[in-house]
Structure formats: structure tokens, C-alpha cells
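Here is my short note on the model you sent. Please read it with the structure open, point by point.

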Amino acid sequence: MSEFDDLEKELSALKPKNPSVHFVSRVEEALGDAGTIAVRRLDEREKRVEQIPRKSLFTSIFTLPVILGSTVFASLLFIAYISFSVLSEQREANNLPNVAAQEDDDSPLHGVSLSELESLSAMPVRGWLDPITNERKLRRVDEGVVDQPNGVPARKVRIHFMDETLWRHPASDMRVLSNTPRQETYLIDLELY
Amino acid sequence: MISEPIWKAWFAKHGAKLLLFARQQARNSYEAEDLVQEAFVRIWRLYGHTGEVSSGLVYRAIRRIAIDWARSLDRRKIREQKVLLDTPMSSAFETNLEKDERQQALLKSVERLPKEQKEVLTLKIWGELTFDEIARTLDISLNTVASRYRYALSKLKEWVPDELEENISPTGGTSHE
């Protein structure tokens, strides 16, 4: 036993302050996608099982057949439903018109001509106006100070945008709004003084 | 089934220790946070996909970045520099109503230690690193680490009773600052 054992124990008993919530969220934002690459799964069922109080053997003996019966009945219902759905889908597929395997440069779908696409799709294919685009700034994340190759320190700022694209079809008064997230990183030189 | 990013559990376990170490490398508490953020993000982006990162790597990165920043900032007049000097080390630890005078005296004594001994003590006691890991983190030999640690503990053993005596008023009560 070392002469410093007691002292070491006393020191270990002192706990450093935990990082603030604000700081942790700052780190989370700075990590970006790298933070979500490795995840661990938490099984909620396990937690629930732990929370359920254990019932007596007497109760279990009477409830077990009821549960088993319900499970078998539910399984039969499920199988019947699936069989019916599959049959219906097959019938619908048989009713679809045949698509000609031909190339149409204007068509966005390979093997389907524009006219076929128009007849098959519920959406109009021609007559769309040029899209209206809009850039929406969502948030600004300060990722701290970084060193640049020229030796001048810089503050790294990441800005999250949402690009909105609005497609309009005046004939049918249809509108399609598409949102695409985008990020830009800026390096702001810090003044040396 | 729900999922949680692994880094959160990792940071909950090591974040406080990293900040404590960074405070000794930084000029103020804000810079300490910047250091931890920069070092952790750099290391996690490199090795985070494995799901586990050695804390020694992050301590090492903190130290390296602190040195780089200090070099680039040498010419600056650091106005905030005094902030850390005025901030007692006890503020970096959990406040505990039951924290007795001895613990306060202990922290004051740690604060009096030379920087080199303080960082070895911090990495060993609160960072829970081995002497070998500390040697690699600080780029010094294993013997130097061991001797600095031993010197630090001897000084604390000697200083803590003095600090305790200073806190006790002539009437036998404790002094209140």
C-alpha cells in the first residue's frame, strides 16, 4: 500500500463539472454528420419488460391460454389479409396497359415515352412553368477556431440552408414544392494583434 | 427500437475530464471549450465510425492544438489572459454543499502546483490514464511522468495541512471569504 493511497482517493472523490448543455449542443452541431455515423440501439421492449411488475403464478396460468388463443386468431387474420392483398395486387397488375419498350429522350423514365407517361400518370407531364427557387437560411454554427495553411487562425462557420423549388402547372393549378438541405462553410480570418 | 449517437455516451463519460485538462492548457474557460470542441471533433471525424475512441487521443489532440494556438497567438495581447488566473480551480469541480474544508484545501493546494505536475496529476487522477498513456499524451518519458506525479502528491501532502490551518480563524471557527 502506497503512502499516497488516501490522498489519491480523496482527489478522485472530487468530480469535475460536467459540460454545459449549451456546450454539448455546440459540439453536436460541429460534429454534423460524423456524429450520427456510429449509433447504438436502445431496445425499448427490454426497458418495458423491466418496468412491468411480475404477476403471480396463479394469474399467469389463467391468462396464458387466453393470450395464446388471441395470438393464433390474430395470426390467422393476418395471413388471410395478406393473401387477399396479394391477389388484389395481381389482379390490378394484370389490368395495367402494356408499356412499349421504346426510348423517348424527353421522358424522365427509361423505356416509357412521354405520351405513355402522361396517360399512365395522374400528374400532367407538359405545360410546367420554369421553377421558382428560394434560399432559406436555417442556422449558423460556430465550429470554433481552426488553423489555415497560411498560419493565420480562422473561425470556421457552417451555415445550413434549405433550398426551396416551386414547380407550377397553370392548366391544372398544380404546385409541387421541393425542399433540399444544403450546407456552406466559411472561414473568417481572425485578426492578429 | 430507438437509437442514440455513440458519441453522446462517450462525451458524457469523458467531457468533464477533457474540459478540466483543457482549462490547464487554455487562457480562459471559453478557449478551453473551443479546445475540447476542436480536438474532439477532429478525432471523432477520424475514428468515430469505429464506435469507440481512446480518450488519450483526444487529450493529446487538445495539447497539440493548444500549443499550435499559443504559437499563433504569441504576438497577441491577450486581454482575457487574466480571467483564468483569477478563476479558482474549485470552480471547475462540482459544487457540493458537503464539500468540507479539507477538500477546499486540497483544491487550493493543487492550484499551487507547477503546471507540469498539475497536468500529470489531472490526467492520472481525473483523466484515469495510465502512466504510459500520459507519457504519450505529453510527449515525455515514463520516468518523468512517474516522478512528476510523485512530486505532486508529496507537495499536496505537505501543503494541505498548511492550507487547512490558514482557513481556521484564531477563534477556532472557519473563515468565510
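1. Start with the strands of chain A. S2(A) and strand S3 (residues 153–169) run antiparallel, and 13 bridges join them. Keep in mind that this is a predicted model.

2. Val145(A) has Arg155(A), in S3(A), as its bridge partner.

3. Now follow the chain between these two strands. S2(A) and S3(A) make a hairpin, with five residues separating them. In the turn sits Gly151(A), which has a positive phi of about 90°.

4. Which strand pairs with S3(A) over 16 bridges? That is strand S4 (residues 174–189) of chain A, and the pairing is antiparallel. Within this pair, Val157(A) stands opposite Tyr186(A) of S4(A).

5. S3(A) and S4(A) also form a hairpin. Four residues lie between these strands. Asp173(A) is in the turn and has a positive phi of about 55°.

6. Next, turn to the contact between the chains. Chain A gives 36 residues and chain B gives 41 residues.

7. Last, check the classes. The side of chain A that touches chain B has 20 nonpolar residues, six polar ones and 10 charged ones.

Key: Residues are numbered from 1 along each chain as its sequence is written. Chains are lettered from A and ligands numbered from 1 in the order in which they are written. This is a predicted model: local features need pLDDT of at least 70, side-chain atom pairs count only at pLDDT 80 or more; totals for chains, interfaces and linings use all residues. Two residues are in contact if their C-beta atoms, placed from the backbone, lie within 7 Å. Ala, Val, Leu, Ile, Met, Phe, Trp, Tyr, Cys and Pro count as nonpolar, Asp, Glu, Lys and Arg as charged, and the others, Gly among them, as polar. Two strands pair if DSSP finds at least two bridges between them.
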